[in-house]
Amino acid sequence: MKIITTRNELAEVLEEYRVKGQTLGFVPTMGALHAGHLSLISASKQENDLTVCSIFVNPTQFTDARDLELYPRPVESDTLMLQAQGVDVLFMPAAAEMYSPDEHWEIDLGGIDAMLEGEFRPGHFQGVTQVVYKLFMLVKPDIAYFGQKDFQQFRVIDRMVDLQGLSISLVRCPIIREADGLAMSSRNAQLSPEMREAAVLISRALFAAEADQAHFTVAETISRALEILGESPLLTPEYFAIVDDQTLMPVGEWTDSESIIALTAVKAGTTRLIDNQYLRQVDFYS
Ligand code: AMP
């Protein structure tokens, strides 16, 4: 595995592969890798000649300086894991390599960046699109792999790719969960044992909503999910929303949309966890 920290070296190395006509899959991450990340890498390896992974804890997408500071950075074990997975190129730039001090980025995403996550983390998706656009320009992948876990992020990046007219295919990979249902996340390591135990209620609330839709209205389903989240005083829900999977607009009735997804964000102490579950779906991976 080639480990690269500068843009110039990355361009040189990837050019060598490109002239050989190899297809390139890309998996952008912020590190602290777990089985969720590894599933994206294995999807890329199956579908491409070459897999490039990036680890970059992107400062512009953090809305809280303390959150950025506390974000785990186990560089050595991450590197070993990627090597073992057979990743070809690891791009691990410093912030100064990615950004100049006076840089400005703004893209009109038509409002999908302002709702849900955007409401609680204003500017977050501007930072996400900024870094993903830059990484796309550097890596120029044929296919880029993202997780369903960050569903709104996928929608936002999809919109950005459309708006910028990029010829990059996006693949959305299923959520990988712990045995008790908790969605794997780099942030799970920040949970105390008590919080970790309580966090199982997040997936439980989502799975209950999936079952409840057959018997309850949308509003009742949301109330029942919030009741489950309320079973632990250690959890503070920020939102539990039931929305159309394309527009991310709340549905009032089950008949309002054919593809409906429940999305939630919950705080456990200072750690923020997100998760989601399709309740009805057509064409899951579009
Ligand atoms: P992150 O390092 O948290 O920025 O995540 C990098 C990529 O891994 C994103 O596309 C995430 O959606 C994806 N990812 C994170 N957790 C999971 C998970 N539990 N299952 C599947 N994909 C995940």
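**View 1. Contacts of Phe 136 in the predicted model.** Setting aside neighbours within four places in sequence, Phe 136 is in contact (heavy atoms within 4.5 Å) with Phe 26, Pro 141, Ala 144, Phe 146, Ile 157, Met 160, Val 161, Leu 166, Ile 168 and Leu 170. This is a predicted model: local features need pLDDT of at least 70, side-chain atom pairs count only at pLDDT 80 or more, and totals for chains, interfaces and linings use all residues. Residues are numbered from 1 along each chain as its sequence is written, and side-chain values use heavy atoms, without hydrogens and water.

**View 2. The largest nonpolar core.** This core has 47 residues. A nonpolar core is a set of buried (under 20% relative accessible area, 1.4 Å probe, protein chains only) Ala, Val, Leu, Ile, Met, Phe, Trp, Tyr and Cys residues joined through side-chain atoms within 4.5 Å. Leu 14, Phe 136, Ile 157 and Leu 170 have the most contacts inside the core. Helix α7 (residues 124-139; a DSSP run of H or I, at least four residues) supplies its largest share, eight residues. Another core, of 25 residues, lies apart from it and includes Ala 205, Ile 228, Ile 242 and Trp 254.

**View 3. Lining of the largest pocket.** A pocket is an open set of points on a 1 Å grid over the protein atoms alone, where a 1.4 Å probe fits, with protein on both sides within 12 Å along at least five of seven lines; lining residues have an atom within 4 Å of a point. The lining has 14 residues, with Asp 64, Asp 67, Lys 267, Thr 270 and Arg 272 nearest the centre. α3 gives the most, three residues.

Note on methods
Buried < 20%, exposed > 50% of the residue type's maximum accessible area, 1.4 Å probe, protein only. Helix = DSSP H or I, 4+ residues; strand = E, 2+ residues; numbered from the N terminus.
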